[in-house]
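Q: Could you walk me through this model, starting with the ligand site and then the rest of the chain?

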Amino acid sequence: MSALISRVAHAETARSRNVDSAAILGALPVPVMLLDTENRFRYVNNAAEQFLGISAASLAQFRLLDLVPPDNPIFLLIEQVRDTEATIIDHDLDLESPRINKRGITVQGSPLPEDPGVVLLVMQDASAARALDRQLAFRGAARSVSGMAAILAHEVKNPLSGIRGAAQLLETSVAPADKELAELIRDEADRIRALVDRMDAFGEKPIARMPVNIHRVLEHVRKLAQSGFAAHVKFQELYDPSLPPVWANRDQLIQVILNLVKNAAEAVTQEITHRPEIVLATGFQHGMRVAVPGSTSRLDLPLFVTIRDNGAGIPEDIKPHLFEPFVTSKSTGSGLGLSLVAKIIGDHGGLIEVDSRPGRTEFRLHLPVVTEKEGNQ
Ligand SMILES: Nc1ncnc2c1ncn2[C@@H]1O[C@H](COP(=O)(O)OP(=O)(O)OP(=O)(O)O)[C@@H](O)[C@H]1O
Ligand SMILES: [Mg+2]
């Protein structure tokens, strides 16, 4: 009780101390702007002046419409903030006009409760936006693999089954000393086949989607992991049972989670982690949206899944290339896991965020849920 009182007392002194909030706002290295009910600039801080490349004095004469064309999704965001009186975040917005040229920024719009209709905009080159940017590049990389995958699947699988069959025949007829060699050929043929099968998943086939219960998928993967490669790992599950189904391909989603859990299990095993632990969590995040490629519409991604481990973290030299194919720090790794994850999540219109430091690595997937349109199909 006394601790509580002292904390309150402390808060009072901090508030009563004469802090100039305008000065703080001005010094904030993040662009902040306030729009009135007609989208005129009522206030901009220094960072916003720099961001837009226009002085506060000039901006006072402008409406947002003078800077960006009316079909820009930012107007939709502003209207939604006014309608819902909630904070909305939009990723990967482009503000392009003869006056400004900003691409791939994150815009956060918030209402000002004491001033109805006024909207506070905060702009940033947030990590999510950067992650998205990178993820889009990875999709390109994954796509270049997809052509190769098709050729591999076609040209390698057939002769491979011949080699395997021949080796099997040899096993029964050769002298015992050579039998081992025949087995080696068969095992290696199996290994190549498994690799080719994984590459096959990069193909550009349309995906069949349906409502999927994300918790069943997570449970399935956890059981699989605990009965095999992650038997020594403690799992913690923090699920929000009220979440709606995701709009996804179940098998592919399993593949994604399995790859992430496998990486996590390998990470906590590699280094001496005292208590190897993987946390699987789900939740709802309002206002998370991305652009739909090739259109001006936005896709809501309200559901997130995180896979967190307490391993050594992603090696610094791997980080910039994390989702590219064939990038691996493991002697037996193929480096295909995460590029496949990026490809599948990209195909689903989702988003991946990564946050990694020694002792804490988190992969966060943002996924679309079943909307009314899909539910009625
Ligand atoms: N949870 C994690 N903790 C630390 N490093 C990670 C984690 N997840 C991925 N990495 C790093 O990213 C690299 C690429 O991962 P990816 O899953 O694509 O390939 P891989 O695991 O090496 O091989 P494969 O998945 O094909 O067996 C890994 O080699 C590892 O260095
Ligand atoms: Mg992997």
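A: What follows goes from conventions to the overall chain, then to the ligand and some single residues.

Q: What should I know about the numbering and the kind of model?
A: This is a predicted model, in which local features need pLDDT of at least 70, side-chain atom pairs count only at pLDDT 80 or more, and totals for chains, interfaces and linings use all residues. Residues are numbered from 1 along each chain as its sequence is written, chains are lettered from A and ligands numbered from 1 in the order in which they are written, and side-chain values use heavy atoms, with hydrogens and water left out.

Q: How many helices and strands does the chain come to?
A: The chain has 11 helices and 14 strands, where helices (H or I, at least four residues) and strands (E, at least two) are DSSP runs numbered from the N terminus. Of the 377 residues, 41% are buried, buried being under 20% relative accessible area, exposed over 50% and partly exposed in between (1.4 Å probe, protein chains only).

Q: OK, the ligand. Where does ligand 1 sit?
A: Ligand 1 sits in the largest pocket. A pocket here, on a 1 Å grid over the protein atoms alone, is an open set of points where a 1.4 Å probe fits, with protein on both sides within 12 Å along at least five of seven lines, and a molecule sits in one if more than half of its atoms lie within 2 Å of its grid points. The elements that give two or more residues to the shell around ligand 1 are helix 9, helix 10 (337–347) and strand 14 (360–367).

Q: Which helix gives the most to that shell?
A: Helix 9 does, with four residues.

Q: And which residues come nearest to ligand 1?
A: Among the 23 residues around ligand 1, the nearest are Asn263, Thr328, Ser329, Lys330 and Ser334, counting a residue as near if one of its heavy atoms lies within 4 Å.

Q: What about polar atoms facing the ligand's oxygens?
A: A polar side-chain atom of Ser329 lies 2.5 Å from an oxygen atom of ligand 1, while for Gly335 a backbone N or O atom is 3.1 Å from an oxygen atom of the ligand. For Gly337, a backbone N or O atom lies 3.5 Å from an oxygen atom of ligand 1. Taken alone, ligand 1 exposes 600 Å², and the protein buries 95% of that, by the Shrake-Rupley method with a 1.4 Å probe.

Q: Back to helix 10: is it mostly covered or mostly open?
A: Helix 10 is mostly covered, with 10 of its 11 residues buried, including Gly337, Leu340 and Val341.

Q: Switching topic, which residue other than glycine has a phi near 50°?
A: That is Glu85, whose phi is positive. Most residues other than glycine have a negative phi. Glu85 lies in the loop between helix 5 (73–84) and strand 3 (88–96), and Glu85 is exposed, with a relative accessible area of 63%.

Q: And Asn39, buried or exposed?
A: Asn39 is buried, at a relative accessible area of 10%. Asn39 has a positive phi of about 60° although it is not a glycine, and Asn39 lies in the loop between strand 1 (32–35) and strand 2 (41–44).

How values were computed: Polar contact = N/O pair within 3.5 Å; in protein donor to acceptor, adjacent residues only side chain to side chain. 1 Å grid on protein atoms, 1.4 Å probe; cavity = no way out; pocket = protein on both sides within 12 Å on 5 of 7 lines; lining within 4 Å.
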